[in-house]
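Trainee: Could you take me through this structure feature by feature, with the general idea ahead of each case?

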Amino acid sequence: MLDALQEHIETSSSMPLTGKVMINEETVLGLIDKVREALPDELMRARNFVRDRQKLTDEVKARCDAMYEETRKRADMLIDKESITQEAYSRANEIVRNAQLKAQELRSGANVYVDDVLAQLEKSLDEWADTMRKNRLELQQDLKNYSKSE
């Protein structure tokens with residue numbers, strides 16, 4: 001309709017040297033009325049379009065926000081899992097290290113204990129061997145003395 005109005009103005013007779021045109025008032029007023037009648041429909045369609053676009057934008061934004069939040073939660077969960085796993089490995093390594101140190105201490109302590117027991121046993125055996133030697137010597141002396149007395 002606006003195109004028809006423009007065409008009517010462009011094709012109307014011009015007045016020389018004035019830059020003005022002569023238009024058919026009835027035709028122009030009729031076109032203006034048609035524009036006014038069509039304008040509310042066009043405005044409603046434009047408003048509906050803007051409203052629908054805003055609604056769609058809001059829905060997309062809500063979906064994006066939800067996806068972002070879900071992704072952030074998953075990332076936090078994976079980070080927590082990774083942290084827990086790292087903590088478990090660290091704790092396990094510490095336990096193994098402590099167990100190895102304790103085992104080394106126990107082996108060292110056991111070796112000292114065995115050495116002490118063996119030293120005491122050796123001392124006891126030496127004392128027993130000395131006693132046995134003395135007893136044998138006494139017995140040999142007694143045998144010599146008994147043989148002489150016969």
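The dialogue below goes from the overall fold to single residues.

Mentor: This is a predicted model, in which local features need pLDDT of at least 70 and side-chain atom pairs count only at pLDDT 80 or more, while totals for chains, interfaces and linings use all residues. Residues are numbered from 1 along each chain as its sequence is written, and side-chain values use heavy atoms, with hydrogens and water left out.

Trainee: Which secondary structure elements does the protein chain have, and in what order do they run from the N terminus?

Mentor: Helices (H or I, at least four residues) and strands (E, at least two) are DSSP runs, numbered from the N terminus. The protein chain has two helices and two strands, arranged as α-β-β-α from the N terminus on. Its radius of gyration is 58 Å, well over the 15 Å that the globule rule gives for 150 residues, so the chain is more spread out than a compact globule; the radius is taken over C-alpha atoms, and the rule is 2.2 Å times the number of residues to the power 0.38. Along the principal axes, the C-alpha trace spans about 185 × 30 × 15 Å.

Trainee: How far apart are Glu-10 and Lys-102 in sequence and in space?

Mentor: They are 92 residues apart in sequence and 105 Å apart in space, C-alpha to C-alpha. Glu-10 belongs to helix 1 (residues 2–11).

Trainee: What share of the 150 residues of the protein chain counts as buried?

Mentor: Buried means under 20% relative accessible area, exposed over 50%, and partly exposed in between, with a 1.4 Å probe and protein chains only. By that scale, 5% of the 150 residues are buried, whereas Glu-10 is exposed, with a relative accessible area of 59%. Val-114, which sits in helix 2 (residues 25–149), is partly exposed at 44%.

Trainee: Where is Leu-17, and is it buried or exposed?

Mentor: Leu-17 lies in the loop between strand 1 (13–15) and strand 2 (20–22), and at 91% relative accessibility Leu-17 counts as exposed.

Trainee: How many positive and negative side chains does the protein chain have?

Mentor: Lys and Arg count as positive and Asp and Glu as negative, with His and the chain ends not counted, and the place of a charge is taken as NZ of Lys, CZ of Arg, CG of Asp or CD of Glu. The protein chain has 24 positive and 30 negative side chains, and the centres of the two sets lie 5 Å apart.
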